[in-house]
Amino acid sequence: MKSIPLLLMGCGGVGRQLLHHIIDTRSLHAKQGLLLRVVGVSDSQTLVVAPDVFTTGLNDNYLAELCRLKSSGSSLTAMNKFGNSSGECQIFKNFEVTKKIVDVAALLGRSTGLVLIDCSASSETVGLLNRAVDLGCCIVLANKKPLTSKIEDYENFVLNLRQIRCESTVGAGLPVITSLIRIIASGDTVHRVVGSLSGTLGYVMSELEDGKPFSQVVRAAKSLDYTEPDPRDDLGGMDVARKGLILARLLGLKINMDDIKVDSLYPDEMGPCLMTIEEFMDKGLPLIDKDIAERVQKSSSEGNVLRYVCTIEGSRCQVGLQELPKNSPLGRLRGSDNLVEIYSRCYKKLPLVIQGAGAGNDTTAAGVLADVIDLQDRFP
């Protein structure tokens, strides 16, 4: 049985779902000769660690209770009552957390090996991840921010790309990054990538085709939990821009976020600093309806549809609304699926098209787990 120690940073929806997946797939992985041993889990303030990271992990009952506790909004500190008295775990808080993670990475990195999984939403993990890679650990990311930091930090981070997996940073569980890496490795030249990389904006755009007002569609998306609590986090396009930056850098562009042209679907005067969420939903959105409706009508009259896409071509990466033919892969896209078209020497006239569910905790966590399994050959 090959044992792979894991340390998870981040206990939000994706992190908790990942732990559930690990528990639920025990029998499957046993048949494959694998044991995923969770030696530690952290949130923003607390780290729980198995008493002996060399030989044991946090047991499944403990992990299930941890997920239940975090789902209720509690801190991992409360796990002290559940496991510390029985010797199930060690608990570290605040400034001790990073130090202990580095200690575990140093203990396991060059001996049994360790996969450090970042399912947080923090921009502060880059230094820790770099240190872990230097100590021989493998890294799996759902967090996009380490890959969208300054280009100097990014280039230092990916020096050991063989130790890093990051499929779930773009398109959740879709094999977008893997496909690009395989195409590039084959010597094929990618000259254009176009993608609908937001399930929220994909839903909004396809609903607008039916003649519904923009404000009505956004409210419906929010009621379905497709949007962030503040829909402007989706409508501003920055999430799509981060995913675009990851793909652009993978293609060799040495660019930062400031180099990407991002078209927001709402004006600056409706930004979070000037309008509350309630004001934006009730008063701001209806003011945008006319402009969006005119753009939808113009696009339709020319046989096209509007899609909110990321385009990477040459040295340019931009994010915003585009008119696309109705019969193109992106034009036919409906609902909240993600879709990416890759044009290269081999896929010149007809692009390689990757489509499927590109959001959701379940799908993203499944992609993270697949990345972990993909690293198994790096473990003894």
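**Pockets and cysteines in a predicted model**

Helix 15 supplies the largest share of the lining of the second largest pocket, 4 residues. The model is predicted, so local features need pLDDT of at least 70 and side-chain atom pairs count only at pLDDT 80 or more, while totals for chains, interfaces and linings use all residues. Residues are numbered from 1 along each chain as its sequence is written, and side-chain values use heavy atoms, with hydrogens and water left out.

**Terms for the pockets**

- A pocket is an open set of points on a 1 Å grid over the protein atoms alone, where a 1.4 Å probe fits, with protein on both sides within 12 Å along at least five of seven lines; lining residues have an atom within 4 Å of a point.
- Grid points are joined across faces, edges and corners, and a volume is the space filled by probe spheres set on the points.
- Helices (H or I, at least four residues) and strands (E, at least two) are DSSP runs, numbered from the N terminus.
- Ala, Val, Leu, Ile, Met, Phe, Trp, Tyr, Cys and Pro count as nonpolar, Asp, Glu, Lys and Arg as charged, and the others, Gly among them, as polar.

**Second largest pocket**

- The volume of the second largest pocket is about 460 Å³.
- Its lining has 21 residues, and Ile-164, Arg-165, Ile-177, Thr-178 and Ile-181 lie nearest the centre.
- At least two lining residues come from each of strand 7 (164-165), helix 8 (176-185), helix 12 and helix 15.
- The lining divides into 12 nonpolar, 3 polar and 6 charged residues.

**Largest pocket**

- The largest pocket has a volume of about 1100 Å³.
- Of its 39 lining residues, Val-14, Lys-144, Glu-228, Asp-239 and Asn-361 lie nearest the centre.
- Elements that each supply at least two lining residues include helix 1 (13-24), helix 12 (238-250) and helix 15 (361-374).
- Helix 12 gives the largest share of this lining, 4 residues.
- By class, the lining has 12 nonpolar, 17 polar and 10 charged residues.

**Cysteines**

- The whole structure has 0 disulfides, a disulfide being a pair of cysteine sulfur atoms within 2.5 Å.
- Cys-310 is in no disulfide, and the nearest cysteine sulfur, that of Cys-317, is 4.0 Å away.
- Cys-310 counts as buried because its relative accessibility is 2%; buried means under 20% relative accessible area, exposed over 50%, and partly exposed in between (1.4 Å probe, protein chains only).
- Cys-273 counts as exposed, at 81% relative accessibility.

**Gln-32**

- Gln-32 sits in the loop between helix 2 (26-31) and strand 2 (34-42).
- With a relative accessible area of 46%, Gln-32 is partly exposed.
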